[in-house]
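Dear colleague,

Please find the structure below, with the sequence alongside.

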Amino acid sequence: MHDPLLPAIPPRRAARRRDRRGRGLRGPLVPPTLPGWRTRSEEFDDAVLAAVERLEKRWGRRLSSVEFGVEEVPPSDPSPWEHDAVALGRYFPADPPAGLADRIVLYRRPIQSRCEDSAEVALLVEEVVREQVAHLLGRDPEDL
């Protein structure tokens with residue numbers, strides 16, 4: 001109920017995305033045609049996908065149940081064979097009672113910190129994926 005002695009409060013308008021001069025963001029800061037449009041994380045994911053697709057052409061049936069993933073950094077508890085090294089990727093064997101398939105995880109930040117540009121990232125990602133898939137298949141990485 002409104003008290004007639006108090007002034008009426010106007011209804012609030014929905015906030016608009018404008019600055020104090022009435023202008024707003026006029027367009028994207030980087031157009032989609034420029035290289036800066038994609039983030040480093042998205043470029044890394046694309047490099048992993050390209051490396052996996054190349055291996056799936058030859059080993060498709062054997063890799064059909066393998067899950068590939070990307071994490072920022074490896075967990076703080078290293079494996080026993082990783083003495084003073086930072087892991088770039090890991091293979092996790094399947095655990096059927098838990099319902100987990102074979103998994104290969106690549107760690108984005110350690111890989112990117114070792115590279116100068118996106119071409120080097122793609123080469124290192126290819127190498128790490130190849131090593132982990134070789135471990136999964138019980139083969140030498142050069143055979144892949």
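Helix H1 (40–63) gives the most to the lining of the second largest pocket, with four residues. Helices are DSSP runs of H or I with at least four residues, strands are runs of E with at least two, and both are numbered from the N terminus. A pocket, on a 1 Å grid over the protein atoms alone, is an open set of points where a 1.4 Å probe fits, with protein on both sides within 12 Å along at least five of seven lines; lining residues have an atom within 4 Å of a point.

Please note that this is a predicted model, in which local features need pLDDT of at least 70 and side-chain atom pairs count only at pLDDT 80 or more, while totals for chains, interfaces and linings use all residues. Residues are numbered from 1 along each chain as its sequence is written, and side-chain values use heavy atoms, with hydrogens and water left out.

The second largest pocket has a volume of about 160 Å³, that is, the space filled by probe spheres set on grid points that are joined across faces, edges and corners. Its lining consists of Arg40, Glu43, Phe44, Ala47, Gln112, Cys115, Glu116, Asp117, Ser118, Val121 and Ala122. The elements giving two or more residues to this lining are H1 and helix H3 (118–137). By type, the lining residues divide into five nonpolar, two polar and four charged (Ala, Val, Leu, Ile, Met, Phe, Trp, Tyr, Cys and Pro count as nonpolar; Asp, Glu, Lys and Arg as charged; the others, Gly among them, as polar).

As for the overall fold, the protein has three helices and three strands, in the order α-β-β-β-α-α along the sequence. Of its 144 residues, 26% count as buried (buried means under 20% relative accessible area, exposed over 50%, and partly exposed in between, with a 1.4 Å probe and protein chains only).

The count of salt bridges comes to four, a salt bridge being a side-chain nitrogen of Lys or Arg within 4 Å of a carboxyl oxygen of Asp or Glu. Arg54, Glu126 and Arg130 are linked in a network of such bridges. Between Glu126 and Arg54 the closest N and O atoms are 2.5 Å apart. This pair links distant parts of the chain, with Glu126 in helix H3 and Arg54 in helix H1, 72 residues apart. Glu126 is buried because its relative accessible area is 12%, whereas Arg54, at 43%, counts as partly exposed. Arg130 reaches Glu126 with a closest N to O separation of 2.7 Å; both lie in helix H3, four residues apart, about one turn of the helix.

A further salt bridge joins the side chains of Glu72 and Arg109 (2.9 Å, N to O). Here Glu72 lies in the loop between strand S1 (67–71) and strand S2 (89–92), and Arg109 in helix H2 (residues 108–113), 37 residues apart.

Finally, Leu29, Val30, Leu34 and Trp37 form a nonpolar surface patch, with about 420 Å² of accessible area together. Patches are made of residues with over 30% relative accessible area and no salt bridge, with nonpolar side chains (Val, Leu, Ile, Met, Phe, Trp, Tyr) joined within 5 Å and like charges within 9 Å. Accessible areas come from the Shrake-Rupley method with a 1.4 Å probe; for residues, only the protein chains shown count as cover.

Yours sincerely
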